[in-house]
Amino acid sequence: MQAVTISLTQVSQVQDFVNLVNQFPFDVDMVSGRYTVNAKSMLGIYSLDLSKPLQVLIYSDDCEELKSALKAFSEM
């Protein structure tokens, strides 16, 4: 399992994120506080507090391509 912290502040970012993670065959979760949702679910992501940083949990050891793509969503 790998973890990456990102920030989603706009609707278009949520859509781009969901489209990105759906391209990969492994499971991806998103954590905000004590809540965990499937990161491939747009509705699940909208149920989280998007004003805070989000942790993306990637359940694969071969995920460098996804981790590299997630840098676009990383906090500045």
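Predicted model: local features only at pLDDT ≥ 70, side-chain atom pairs only at ≥ 80, totals over all residues.
Visitor: Take β1 and β4, then. In which sense do they pair, and over how many bridges?
Guide: β1 and β4, the latter covering residues 54–58, pair in the antiparallel sense. Five bridges link them.

Visitor: Which residue in β4 does A3 stand opposite?
Guide: A3 faces L57 there.

Visitor: What's the order of the strands in the sheet?
Guide: The order is β1-β4-β2-β3. These four strands form an open sheet, and the pairing is antiparallel.

Visitor: Which are the edge strands?
Guide: β1, residues 2–6, and β3, residues 35–38. Each of them pairs on one side only.

Visitor: And how many degrees are neighbouring strands turned against each other?
Guide: On average 25°, with direction ignored.

Visitor: Zooming out, how many helices and strands does the protein have?
Guide: Three helices and four strands. Read from the N terminus on, the elements run β-α-β-β-α-β-α.

Visitor: Why call it as compact as a globular protein of that length?
Guide: The radius of gyration is 11 Å, and the globule rule gives 11 Å for 76 residues, so the protein is as compact as a globular protein of that length. Along its principal axes, the C-alpha trace spans about 30 × 25 × 20 Å.

Visitor: What share of the residues count as buried?
Guide: Of the 76 residues, 42% do. The protein exposes about 4,600 Å², and carbon and sulfur atoms supply 48% of that area.

Visitor: Contacts next. What share comes from residues 24 or more positions apart?
Guide: They account for 64% of the contacts with a separation of 6 or more.

Visitor: Switching to side chains, how many aromatic pairs are there?
Guide: The count comes to two. One of them joins F17 and F73.

Visitor: Is that one stacked or edge-to-face?
Guide: The F17 and F73 pair is edge-to-face, with 5.8 Å centre to centre and 90° between the planes.

Visitor: Which parts does the pair tie together?
Guide: F17 lies in helix α1, residues 11–21, and F73 in the segment after α3, which covers 64–70. The pair therefore ties together parts that are 56 residues apart in sequence.

Visitor: Are the two residues buried or exposed?
Guide: The cut-off for buried is under 20% relative accessible area. F17 counts as buried because its relative accessibility is 0%. F73 has a relative accessible area of 10%, so F73 is buried as well.

Conventions. Residues numbered from 1 in each chain as written. Heavy atoms only, no water. Pairing = 2+ DSSP bridges. Helix = DSSP H or I, 4+ residues; strand = E, 2+ residues; numbered from the N terminus. Axes fitted to C-alpha atoms, helices over the stretch in contact; angles between N-to-C directions. Rg over C-alpha atoms; globule rule 2.2 N^0.38 Å. Buried < 20%, exposed > 50% of the residue type's maximum accessible area, 1.4 Å probe, protein only. Contact = heavy atoms within 4.5 Å. Areas by Shrake-Rupley, 256 points an atom, 1.4 Å probe, with all protein chains shown as cover. Phe/Tyr/Trp six-rings, centres within 6.5 Å; stacked < 30°, edge-to-face > 60°.
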